[in-house]
Amino acid sequence: MPEQGPEQVNVENKVPGTARKLAALAVLICGFLLAASLCFGAAENHAPLPNIFRPESTPADSIFHLSILVLIITGLIFLVVFSLLVYSVAKYRRRGADGEGDDGREPPQVYGSNQVELAWTVIPVLIVLVLFLATARVIQSVQDAPKPPGAIEIVAVGHQFWWEYRYPALGVVTANELHVPVSDPIRPSPTFLTLLSADTDHSFWVPNLAGKTDLIPNRTNHMWIDPYKTGLYVGQCAQYCGTQHAKMLLRVYVDSPEQFDQWVQQQKKPVVVDGSADQGRRIFQSTACVNCHAVSGTAAAGQFGPDLTHLMSRDTIAAGAAPNTRENLRAWLQNPDSIKPGSLMPAMQLSDKDLDAVTDYLETLR
C-alpha cells in the first residue's frame, strides 16, 4: 500500500468527527420535536394559548393545510438528504487506525451524467413549482374572499402599546378586547377588519383565527376571520413596535349572535352617573387624563389612549397585561411601570386619597 500523505491522513481523521456532528444534529432535532410536542400539549391543556395547529377559522384552516403540505415535502427532503449523509459516513468511514480493511482505492467518479444532472435539476424545480402554486392558491383565496351582505366591519388601529377597535356601522368604540360573532358554516357571517396604525409598525396575529397582517403607517391593510366556535382566542402584536411590544396582547372574544347583540347594546349605553363617585370624577376630569382618554358624555375626549366609557366591561387592563381588578387598576394608576414598564402612560402623582377616589370612579364605568 502506498504511503499516505499528510493531507489524506487529515481528511480521513475528520470522518469520525463528522459522524459525531451528525449524531449531535439528530439528538438536537429530536429534542426540538419533543419540546414542540410539549408546547402544543400545554396549549391544549391550558387554553387559551395561541396554537397554529388548531385552526378555528377559514383563513387559519387554509394556512394550516398549506403548512402541513410544506412540512411533509421539506420533511421528506430532509429524510432523503440525512439518510444519504448517514449512509455515506457509515459506508466510507475509515476502517481502523491502521487502515485495515481499506484498500486505499478511490471510489468511482461520475462525470457528465445526463441522468444525474437532469434529476437534480428537474426535481427541485418541480418541488418549488408545487410549493409556489399551493401558496399562491391560499393567498388568492384568503385575500380575494368576497364580502357577503351583513358582514361585520371593524377598524383596528394599532397604538403604542394597545389596540383600538371601532365598529362604524354599530357606533361602538372599544379597546384591547375584540368582540365578534361566531360564523355559522351554513350561513357564514365573517368579520372583516381594516387595519391602520397610529404611530409605528404593528402586526395583528391571532394564530387560531388567521395569519399575520401588518399595520403600517399611511397604509390600509385588510384581513378577515370567520370563527367556527365561540370562546376566547388570544394573539400577539407580531411586529416589534417598541419597549412594550411583548405586552401588546390580543384578545378576541367570539360570541354567539345573542351574546354579541347584548354586548353591542351594552357598549351603546351612556355612562351611568354614580353620585358616590363624584369626587373621583372631578379629580379625573381635572387632571391630564382627559387629554388622552375619552369617556362619553363627559369632558374627557382624548384619543391618544383607550376609550374608558365601558372600562369595567373588560377582563383585562393595559392591553391584556393584567386582570381588570380593583387592586391592579389602582396600581396601574399609581405607577403604570409597575405593570407595564416602558408604557407611555404617565404616573399622575396622586395622593392615596385621590387615588382611591379615581379608582372608585373608574369602577363605575361599566
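**Exercise 1. A sheet and the helix on it**

Which residue is the bridge partner of G158 in β2?

*Solution.* A word on the model before we start. This is a predicted model, in which local features need pLDDT of at least 70 and side-chain atom pairs count only at pLDDT 80 or more, while totals for chains, interfaces and linings use all residues. Residues are numbered from 1 along each chain as its sequence is written, and side-chain values use heavy atoms, with hydrogens and water left out.

Step 1. Find the partner: G158 is bridged to W163 in β2. Helices (H or I, at least four residues) and strands (E, at least two) are DSSP runs numbered from the N terminus.

Step 2. Look at the two strands around that bridge. β1 (residues 152–159) and β2 (residues 162–167) run antiparallel and are joined by five bridges. Two strands pair if DSSP finds at least two bridges between them.

Step 3. Widen the view. The order β3-β2-β1-β5-β8 describes an open sheet of five strands with mixed pairing. At its edges lie β3 (172–175) and β8 (221–225), each of which pairs on one side only. On average, neighbouring strands of this sheet are turned by 25° against each other, direction ignored. Axes are lines fitted to C-alpha atoms, for helices over the stretch in contact, and angles run from 0 to 180 degrees between N-to-C directions.

Step 4. Contact means heavy atoms within 4.5 Å.

**Exercise 2. Strands around β10**

*Solution.* 

Step 1. Start at β4 (residues 177–181), which runs parallel to β10 and is joined to it by five bridges. Here L178 stands opposite V252 of β10.

Step 2. Move on to β9, which pairs with β10 in the antiparallel sense over six bridges. G231 stands opposite V254 in β10.

Step 3. Continue to β6, whose antiparallel pairing with β9 (residues 231–237) has two bridges. W205 faces Q236 of β9 there.

Step 4. Finish at β7 (residues 213–215), which runs antiparallel to β6 (residues 202–205) with three bridges. The bridge partner of S203 in β7 is D214.

Step 5. Check the cover of β10 (residues 249–255): six of its seven residues are buried. Buried means under 20% relative accessible area, exposed over 50%, and partly exposed in between (1.4 Å probe, protein chains only).

**Exercise 3. Two faces of α5**

Which residues of α5 are buried, and which are exposed?

*Solution.* 

Step 1. List the buried residues of α5 (residues 278–286): G280, I283 and F284. Seen down the helix axis, they fall within an arc of 100° and so line one face of α5. The arc is that of the directions from the helix axis to the C-beta atoms.

Step 2. Turn to the other side, where R282 and S286 are exposed.

Step 3. Look for the cover, which includes α6 (289–292) and α8 (352–362).

Step 4. Take the pair α5 and α8: their axes come within 7 Å and cross at roughly 100°. The two helices are therefore roughly perpendicular (angles under 35 degrees count as roughly parallel, over 145 as roughly antiparallel, 65 to 115 as roughly perpendicular and the rest as oblique).

Step 5. Name the partners: Q279, G280, R281, I283 and F284 of α5 meet K353, D354, A357, V358, Y361 and L362 of α8. By class, this contact has six nonpolar, two polar and three charged residues. Ala, Val, Leu, Ile, Met, Phe, Trp, Tyr, Cys and Pro count as nonpolar, Asp, Glu, Lys and Arg as charged, and the others, Gly among them, as polar.
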